[in-house]
Amino acid sequence: MDNNALIKMWHELDVPDGLRVELLDGELVMQANPGHFHDLPGRTFVRHTPEPFEAWNERGLLVADDYRPRADAVVIRAEDCPADNEADWPAQIIQAVVETVSTTRTAIRRDWEEKRERYAEAGIPVYLIVDPNDATWHLLQLDGRHYVETAKGIFGQEIAMPDPMGFTVRTAGWHPYGGTSA
């Protein structure tokens with residue numbers, strides 16, 4: 001099957017409630033929708049990203065013809081917001097991508113290795129990996145063709161987003177898997 005047919009099928013797929021689908025390396029990858037602790041970091045970005053930036057969750061990203069992940073959150077300049085009918089957003093407009101690590105070995109490897117490599121190849125300047133498995137966050141910045149970790153912390157410590165974003169993200173409300181939402 002050629003990429004265009006696969007992409008068309010992906011966009012027209014009637015995904016049952018409770019599931020989400022990504023196109024990764026030419027394969028449709030279906031997994032259960034994440035729980036609310038997984039969603040907290042993305043929601044934080046959506047609610048608290050200041051102008052002139054905006055954060056959006058669950059956007060399909062056009063990283064490559066055969067690689068269109070649905071990021072947990074992305075940060076863009078508000079002026080770069082694509083048209084409403086644009087299904088997958090081009091990597092060139094993304095200032096930062098946020099991925100929250102899931103619990104399965106496959107998903108952990110995908111976020112820590114595969115997506116890290118593909119986002120770097122696409123030139124996305126900042127990759128924030130949030131890992132509720134150990135209640136940590138890791139800020140990576142593009143250095144040439146690879147990401148370098150420039151900051152890390154634990155839930156409760158603020159994240160200083162690098163320039164040109166220059167805003168701070170509070171993580172006090174984030175919870176590790178198995179934690180409580182007190």
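Two strands are said to pair if DSSP finds at least two bridges between them. Strands (E, at least two residues) and helices (H or I, at least four residues) are DSSP runs, numbered from the N terminus. The model shown is predicted: local features need pLDDT of at least 70, side-chain atom pairs count only at pLDDT 80 or more, and totals for chains, interfaces and linings use all residues. Residues are numbered from 1 along each chain as its sequence is written, and side-chain values use heavy atoms, with hydrogens and water left out.

**View A. Strand β9 beside strand β8.** Strand β8 (residues 94-100) runs parallel to β9, and the two pair over 5 bridges. Opposite Val126 of β9 stands Ala96. From β8 the chain passes through α3 to β9 in a right-handed β-α-β crossover (with the strands pointing away from the viewer, the path from the first strand over the helix to the second runs clockwise).

**View B. The two faces of strand β9.** In a regular strand the side chains alternate between the two faces of the sheet. Val126, Leu128 and Val130 lie on one side of β9, Tyr127, Ile129 and Asp131 on the other, and all are buried (under 20% relative accessible area, with a 1.4 Å probe and protein chains only).

**View C. The hairpin of β9 and β10.** Strand β10 (residues 136-143) pairs with β9 in the antiparallel sense over 6 bridges. Thr136 in β10 is the bridge partner of Asp131. Between the strands of this hairpin are 4 residues, and Ala135 takes a positive phi near 60°.

**View D. Lys115 in helix α3.** Helix α3 (residues 105-122) holds Lys115. Lys115 is buried because its relative accessible area is 1%. Tyr67 is 48 residues from Lys115 in sequence, and their C-alpha atoms are 9.5 Å apart in space.

How values were computed:
Buried means under 20% relative accessible area, exposed over 50%, partly exposed in between (1.4 Å probe, protein chains only).
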